[in-house]
Amino acid sequence: MLRAILFDLDGTLLDTLPDIEERTNDMLARFGYPLITREQTRSYVGDGARRLVERALPANAENTSECYTYFKEHFAEGGGNTKLFLGEEKSLNRLLAHGLKFGVVTNKPQDAAEKIIKSFFPRIPFEFIGGDSGLFPCKPDPSLALYAALSMRVAPAECAFVGDGETDVKTAINAGMFGVSALWGYRSREQLLNAGATVFAENFKQLEKILIERQTFFRKTIDIES
């Protein structure tokens, strides 16, 4: 039975790409490196802040740790260009009305994740917000997702894992969760297919339909068996 949904953050719950690009280029300019484009930013995100910084820096950069420290210190400041996706708030509220619990599992730094969720979803009760705190490996390692399920008192098999990246596909598989790939995010269907994705949602309305149908199916199965 489906009891909880774990969401990725960047590209899934929020369109943060413009602000990530701005923060990354702020770091690059601070240390005298060439700036990156929006498309480069899109291809670099998904594996955590450190990997983003490493990918954005030139191959011969010798001060990666210093750049990463600066980036992480300023990342939580956020920006003014982040926004919700079309139809998102209504779908989230309808999913809540079906008794589903919400959690966030992201490779974004923990402080930045907490700040942005509280800012954009003041009336949505996320029972768990987990980011890169140094306590768990980054996705696609399933440790944080499994800890989220434990904290929310649901079994991994009772969780859906919704994300827009290859790391999210692999996290769902590694954690034994029902994975749904969000096509409104930063990766193509082909990229997600190559990562092992099997279920896709074009938008939040379609995601809502997929999750409610899964929840209803298992409820009917339990009723028949009992």
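**Figure 1. Secondary structure and overall dimensions of the predicted chain.** Ten helices and six strands make up the secondary structure of this predicted model; helices (H or I, at least four residues) and strands (E, at least two) are DSSP runs, numbered from the N terminus. Residues are numbered from 1 along each chain as its sequence is written, and side-chain values use heavy atoms, with hydrogens and water left out. Because the model is predicted, local features need pLDDT of at least 70 and side-chain atom pairs count only at pLDDT 80 or more, while totals for chains, interfaces and linings use all residues. The C-alpha trace spans about 65 × 30 × 30 Å along its principal axes.

Figure 2. Of the 226 residues, 51% count as buried (buried means under 20% relative accessible area, exposed over 50%, partly exposed in between; 1.4 Å probe, protein chains only). The accessible surface comes to about 10800 Å², and carbon and sulfur atoms account for 51% of that surface; areas come from the Shrake-Rupley method with a 1.4 Å probe, and for residues only the protein chains shown count as cover. Among contacts between residues at least 6 apart in sequence, 66% join residues at least 24 apart, where contact means heavy atoms within 4.5 Å.

**Figure 3. Close-up of the largest pocket.** The largest pocket holds about 300 Å³ of space. Among its 23 lining residues, Asp10, Val45, Gly46, Asp47 and Gly48 are the closest to its centre. At least two lining residues come from each of α3 (49–56), α4 (64–75), β2 and α8 (166–175), and β2 gives the most, with four. The lining comprises eight nonpolar, six polar and nine charged residues (Ala, Val, Leu, Ile, Met, Phe, Trp, Tyr, Cys and Pro count as nonpolar, Asp, Glu, Lys and Arg as charged, and the others, Gly among them, as polar). On a 1 Å grid over the protein atoms alone, a pocket is an open set of points with protein on both sides within 12 Å along at least five of seven lines, a cavity is a set where a 1.4 Å probe fits but cannot get out, and lining residues have an atom within 4 Å of a point. Grid points are joined across faces, edges and corners, and a volume is the space filled by probe spheres set on the points.

**Figure 4. Close-up of the largest cavity.** Two cavities of 30 Å³ or more are found in the whole structure, and the largest has a volume of about 40 Å³. Its lining consists of Thr106, Asn107, Gly131, Asp132, Phe136, Pro137, Cys138, Lys139 and Leu144. Strands β2 (101–109) and β3 (126–132) each supply at least two of the lining residues.

**Figure 5. Close-up of helix α8 and its packing.** Thr167, Asp168, Val169, Thr171, Ala172 and Ala175 are the buried residues of α8. These buried residues pack against α7 (143–151), β4 (159–163), β5 (178–182) and α9 (189–195).

Figure 6. Asn25 belongs to helix α1 (residues 17–30) and is buried, with a relative accessible area of 13%. Beyond its neighbours within four places in sequence, Asn25 is in contact with Leu35 and Ile36. Glu62 lies in the loop between α3 and α4 and counts as exposed, at 79% relative accessibility.
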